[in-house]
There are 4 protein chains.
Amino acid sequence: MVVVMDERATEAQIENVVARLVEMGMDVHRSTGVTRTVLGVVWQGRPDAGIIQLLDGVHEVLRISEPYKLAGRTFKPESTVVKVGDVRIGGDEAIVIAGPCSAENEKQVRTTAAAVRRAGAKVLRGGAFKPRSSPYSFQGLGEPGLQLLQDAAKAENLALVSEVMEIAQIPLIEKYCDMFQVGARNMQNFGLLRELGHARKPVLLKRGISATIEEWLLSAEYILSGGNTEVVLCERGIRTFETATRNTFDVSAIPVVKKLSHLPIVGDPSHGAGRRDMVAPMARAAVAAGADGLIIEVHCDPDRALSDGAQSMFPAQFDRLMAELRIIAPAIGRSICVEPTPRRGWGT
Amino acid sequence: MVVVMDERATEAQIENVVARLVEMGMDVHRSTGVTRTVLGVVWQGRPDAGIIQLLDGVHEVLRISEPYKLAGRTFKPESTVVKVGDVRIGGDEAIVIAGPCSAENEKQVRTTAAAVRRAGAKVLRGGAFKPRSSPYSFQGLGEPGLQLLQDAAKAENLALVSEVMEIAQIPLIEKYCDMFQVGARNMQNFGLLRELGHARKPVLLKRGISATIEEWLLSAEYILSGGNTEVVLCERGIRTFETATRNTFDVSAIPVVKKLSHLPIVGDPSHGAGRRDMVAPMARAAVAAGADGLIIEVHCDPDRALSDGAQSMFPAQFDRLMAELRIIAPAIGRSICVEPTPRRGWGT
Amino acid sequence: MVVVMDERATEAQIENVVARLVEMGMDVHRSTGVTRTVLGVVWQGRPDAGIIQLLDGVHEVLRISEPYKLAGRTFKPESTVVKVGDVRIGGDEAIVIAGPCSAENEKQVRTTAAAVRRAGAKVLRGGAFKPRSSPYSFQGLGEPGLQLLQDAAKAENLALVSEVMEIAQIPLIEKYCDMFQVGARNMQNFGLLRELGHARKPVLLKRGISATIEEWLLSAEYILSGGNTEVVLCERGIRTFETATRNTFDVSAIPVVKKLSHLPIVGDPSHGAGRRDMVAPMARAAVAAGADGLIIEVHCDPDRALSDGAQSMFPAQFDRLMAELRIIAPAIGRSICVEPTPRRGWGT
Amino acid sequence: MVVVMDERATEAQIENVVARLVEMGMDVHRSTGVTRTVLGVVWQGRPDAGIIQLLDGVHEVLRISEPYKLAGRTFKPESTVVKVGDVRIGGDEAIVIAGPCSAENEKQVRTTAAAVRRAGAKVLRGGAFKPRSSPYSFQGLGEPGLQLLQDAAKAENLALVSEVMEIAQIPLIEKYCDMFQVGARNMQNFGLLRELGHARKPVLLKRGISATIEEWLLSAEYILSGGNTEVVLCERGIRTFETATRNTFDVSAIPVVKKLSHLPIVGDPSHGAGRRDMVAPMARAAVAAGADGLIIEVHCDPDRALSDGAQSMFPAQFDRLMAELRIIAPAIGRSICVEPTPRRGWGT
């Protein structure tokens with residue numbers, strides 16, 4: 001924290017601010033320039049800078065960024081690689097996670113899983129709990145949905161990620177899946193984050209719709225500080241004044257996060273764009289900007305999907321996208337699945 | 001929902017869209033104008049308009065607003081009055097809720113409660129659970145904090161509101177308090193909202209930091225549709241590009257909500273402004289704009305508060321504010337507590 | 001400017017940054033704490049902080065706010081009172097400016113001017129040049145419109161303000177009006193601002209739709225630095241994600257500006273709200289928050305107005321609003337026109 | 001426009017609304033459904049929908065988008081190719097425009113122009129007029145700067161684009177350059193746009209920092225409706241709550257614009273990112289998302305640039321970026337300059 005005194009601050013005011021900071025247990029370094037005095041302050045934790053701001057003679061309090069420690073590159077300069085089942089996110093290969101918004105029935109899950117594996121996806125996605133903003137919509141299959149997803153993931157030799165909505169669901173998701181997904185609305189559900197800090201499986205942490213990158217990294221810090229070091233960040237769009245797209249997919253968050261943090265980051269162009277025909281351009285943009293992977297909604301029959309149909313790709317569109325990504329990835333020294341994972345089959 | 005066809009849409013395209021809508025179970029009214037065809041569509045629930053948007057020949061899909069029913073004035077034209085203990089929010093009197101951000105110790109709670117009662121507050125506020133955006137900050141006293149708050153509220157003859165963070169805390173808050181507070185971060189925690197729909201005490205529902213008014217009313221709908229009709233809305237600031245204030249306190253949400261919904265709305269200028277010297281102007285603005293009340297952070301010694309000190313008022317500032325509000329309220333046909341509630345005292 | 005070095009910055013890196021700053025002509029004060037080094041930097045003008053940001057070992061560059069000088073309270077602690085004709089804005093009386101969006105014809109201008117004077121307005125507003133966001137809309141009457149406005153203002157004994165769109169219009173507006181209005185879209189038209197710095201009449205400077213308060217004050221600085229010290233700021237709503245209102249009228253900008261700057265500030269609830277039934281609540285809120293006045297669109301027949309009809313008040317609504325404001329103003333130690341200015345009449 | 005009546009609207013209210021619309025010269029088609037009546041309305045120009053919104057019994061007025069005509073794909077389905085000197089923007093080749101923020105002196109302009117040509121740029125950029133948000137900063141060289149830029153462009157066989165700030169500068173820019181650039185702050189300077197509609201050279205129209213895509217296309221419409229059909233759109237970042245980047249470069253605007261309009265669109269990652277190390281990722285993202293080109297700030301010695309140094313690339317960085325773009329472009333069926341334009345040389 002840096003306390004900038006007013007140009008007209010009196011010596012008494014400066015001394016009072018220093019005394020107050022010392023009383024709060026801080027270590028203060030005073031630097032008196034020609035026009036004003038600046039106080040450099042070192043502290044533990046996060047002091048309530050607001051209080052200092054209100055003292056007489058204070059011009060403003062500048063907070064030094066990065067109150068997060070474990071999530072920052074300062075703490076750990078080398079990039080983290082997160083293992084999801086047998087898949088490694090954050091390494092040389094950009095990983096594509098794909099699948100339906102929610103599990104609806106066996107045929108839908110199986111067909112979609114097979115299609116995304118053939119196209120080159122390495123992880124299956126799919127939701128079993130779907131609390132929606134209207135109380136009058138489809139709310140998910142629950143545990144039977146997780147079973148369907150696990151069966152399909154095993155058959156297709158894919159890892160599996162599914163969303164955890166509340167603490168009570170942790171054991172269930174942990175039983176069926178290889179990775180927890182924390183949705184945008186839960187990015188600051190600190191109770192949930194704290195529990196996931198004790199879980200033994202990795203976490204895909206989506207950015208809240210109006211969260212700054214700093215807040216997002218602080219949320220990752222909650223998980224890391226509990227002992228779970230396997231966190232993958234996921235950009236999925238922020239809320240802005242623009243209404244032509246549902247959200248504004250913040251592609252620039254990708255290089256910013258790569259610079260500030262050692263954690264991998266993937267892009268979610270499906271939620272970022274909100275409509276099928278915008279998914280491919282935004283997926284290409286995310287990979288070109290340096291994302292460690294993508295998470296994409298694909299449905300065997302999107303026009304009849306029970307949720308998010310408009311933003312789910314047809315399998316053929318997804319195929320085409322994967323081909324485009326294979327051209328782009330080398331531009332940033334990356335590969336994208338050339339050879340699909342072999343299918344394991346039902347009986348194995 | 002209104003489907004606007006392209007000016008160049010062919011008859012075959014129009015018929016395909018109509019067929020598709022009918023297949024989805026909708027009732028379609030076609031209106032063919034000189035330049036284009038418009039389809040009026042009636043449905044139950046919320047269809048995935050996005051799918052229709054993608055059909056050939058469709059120019060755009062216009063959603064008719066207000067998917068909420070129970071929260072809307074169309075459903076219930078007369079304004080709702082919510083009872084919190086013996087206090088009525090939404091009537092002729094604008095109600096002021098005040099107290100510390102969090103309960104810290106007996107003396108702090110008692111002194112603050114006494115001060116706000118004397119100034120004219122009718123409800124005591126105070127938190128016992130304080131999950132903060134940094135894992136390294138003060139996290140609240142828990143149940144002992146609720147006990148301190150209840151004792152003080154009883155002694156001062158005030159009703160009590162405190163924040164519920166997760167489903168598991170509902171019985172505890174219900175035991176000690178007269179009203180649940182749902183914080184901005186939980187505005188779309190649909191599991192929690194659904195449970196509160198079955199609770200027997202009223203709910204103060206804060207607006208999410210990036211929630212539209214429509215989403216906020218849909219969240220109220222979750223509670224109402226569970227059978228709990230006692231919901232008070234609370235505006236507390238939205239996230240914008242402006243950095244001079246922590247959030248932008250959206251005063252205009254007050255008249256908009258009064259028009260769209262029958263539910264009472266109060267303003268939270270403490271969080272809206274984020275600094276003590278901005279609280280009074282924003283409190284006055286909220287009442288002048290027609291708010292049914294206010295919720296304000298007051299602390300007996302704000303400079304030493306363990307949380308939100310910078311935005312907590314001194315008791316003397318709060319006194320002065322109440323005097324100003326007494327002048328303003330009649331301008332909108334309202335009163336504000338002229339005679340403080342008599343103290344009940346410790347022994348009674 | 002404060003340069004915060006990385007916790008792991010080497011001595012060589014620190015010295016390189018210092019050398020670079022000195023080379024750029026700055027005065028550097030070094031303060032070495034336990035965990036990191038902080039450099040306080042004094043300079044003239046606005047250095048390109050971005051360059052420093054990119055040097056090795058730099059954690060971040062914190063800019064000390066308020067590069068504006070003439071507009072700030074540090075420079076001039078006492079509040080400025082601006083004279084518009086015989087009217088004083090920024091004093092004990094909150095001043096109401098009112099009138100039609102644009103001058104349409106003699107009858108409309110005369111009738112509206114008479115109505116707003118009777119209700120207590122002191123300044124007439126009205127536009128003669130109306131470039132609209134669509135090239136296919138009504139574009140204003142031009143100079144004949146200014147003549148109509150001036151005639152009406154004289155007859156009613158009101159001062160007059162009208163918008164100047166470009167440098168070439170300055171002489172015309174100066175001839176007919178008592179005050180220039182600079183619209184939100186021109187807030188950063190620096191060529192225009194510079195010219196107005198040499199004009200001999202006061203300027204009403206609207207905030208740009210996405211301008212921070214700091215940028216707005218910097219725009220005022222352009223005018224002040226040219227020698228024209230008569231600037232009144234005008235808040236008129238900022239662009240946010242909320243769509244229920246056209247813009248979000250940022251009431252909190254009023255106390256923020258009063259704290260940072262000595263210049264008067266008025267609120268424009270008509271543009272801030274965008275619809276007639278929201279104007280009165282927002283006007284009351286602005287005055288309650290401490291605004292030095294208001295600018296309000298009133299039209300003798302708003303449903304037939306050629307522009308902004310939906311947000312223009314009926315004269316009777318405006319009357320009622322003025323009565324409400326007279327109740328509110330004393331709460332902040334202000335008055336609002338109790339006795340309307342006497343009419344001067346046509347013949348005088 | 002579609003007028004949605006309230007579910008409880010009476011027949012008299014409906015008839016009054018219809019009568020009012022007819023009186024305003026509109027053609028109304030009534031469609032009465034089970035729950036409510038919907039009115040489809042056809043009109044010329046842009047009626048003030050707000051007035052209708054306020055009539056009794058009206059639930060809401062839904063505006064059918066795309067009031068722009070000439071800029072829309074409905075009007076002209078095939079993509080437009082704009083000629084800038086000998087360069088074609090909007091065709092199979094993605095065009096890179098590069099150069100310094102502002103012309104500073106002959107050496108800087110010549111060296112930078114030579115470097116960007118060798119790397120594959122086809123158009124030189126550079127500013128001569130630099131009104132900045134602070135009145136105390138470098139303001140550009142004026143006409144001598146244009147001369148320097150033209151000389152360098154000729155020598156290197158590049159086309160030239162430079163910013164026009166006001167109407168009076170049009171002849172000057174037209175004399176020296178192949179294309180006018182309209183900056184973000186002037187996107188709604190309708191006087192300037194109208195004049196450019198009569199100019200005989202193409203226009204690069206930047207998006208305003210808080211402009212919706214619809215407003216941006218309406219601004220293009222101003223130019224097109226004046227007869228100048230050569231407009232290239234330029235995305236350069238919008239203002240959001242995120243502060244880690246100066247603006248949020250809205251990559252998704254690229255596919256949205258390609259869908260809505262036939263005009264070419266280029267990305268400006270320099271202003272979008274605001275710092276040099278973020279320019280390459282965002283440039284790659286823009287091309288991957290389908291941009292028709294890029295405009296990038298390059299400076300022979302960016303650390304000593306008089307403006308925008310922090311976001312200007314070193315020539316070597318720009319070289320590397322061009323190599324990356326050559327890999328990406330084929331993914332979207334595009335090429336990027338493989339063979340640099342031959343230099344013309346000073347003497348020819």
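Okay, let's start with helix H7 of chain D, which is mostly covered: 10 of its 13 residues are buried. By buried I mean that 20 or more other C-beta atoms lie within 10 Å of the residue's own, with C-beta atoms placed from the backbone; exposed means 12 or fewer, and partly exposed is in between. Helices here are DSSP runs of H or I with at least four residues, strands are runs of E with at least two, and both are numbered from the N terminus.

Before I go on, this is a predicted model: local features need pLDDT of at least 70, side-chain atom pairs count only at pLDDT 80 or more, and totals for chains, interfaces and linings use all residues. Residues are numbered from 1 along each chain as its sequence is written, while chains are lettered from A and ligands numbered from 1 in the order in which they are written.

Back to H7(D), residues 213-225. Its buried residues include D:Trp216, D:Leu217, D:Glu221 and D:Tyr222. What do the buried residues of H7(D) pack against? They pack against helix H6 (190-196), strand S11 (203-206), strand S12 (231-235) and H8 of chain D. Contact, by the way, means that two C-beta atoms, placed from the backbone, lie within 7 Å. The expected span is 1.5 Å times one less than the number of residues. Just after the helix, D:Gly227 has a positive phi of about 110°.

Next, a helix pair. In chain D, the axes of H3 (residues 106-119) and H4 (residues 143-156) come within 9 Å and cross at roughly 35°. Those axes are lines fitted to C-alpha atoms over the stretch in contact, and angles run from 0 to 180 degrees between N-to-C directions. H3(D) brings residues including D:Val109, D:Ala113 and D:Arg117, and H4(D) brings D:Leu148, D:Leu149 and D:Ala152, among others. By class, that contact has seven nonpolar, no polar and four charged residues. Ala, Val, Leu, Ile, Met, Phe, Trp, Tyr, Cys and Pro count as nonpolar, Asp, Glu, Lys and Arg as charged, and the others, Gly among them, as polar.

Now one residue: D:Gln311, in the loop between strand S14 (293-297) and H11 of chain D. Is D:Gln311 buried or exposed? It counts as buried, because it has 28 C-beta neighbours inside 10 Å. Leaving aside neighbours within four places in sequence, its contacts include D:Ser270, D:His271 and D:Glu297, and also C:Gly50 from another chain.

On to the interfaces. Between chains D and A, 32 residues of chain D are in contact with 32 residues of chain A. On the chain D side, H10(D) gives the largest share, six residues, and the classes are 20 nonpolar, eight polar and four charged. Chains A and C meet through 23 residues from each. There, the side of chain A has eight nonpolar, nine polar and six charged residues, and S1 (2-5) and S2 (27-32) are among the strands of chain A that give two or more.

Last, chain A as a whole. Chain A has 11 helices and 15 strands, and 58% of its 348 residues are buried. An automatic or database assignment divides chain A into domain 1 (2-62) and domain 2 (82-336), with C-alpha centres 44 Å apart.
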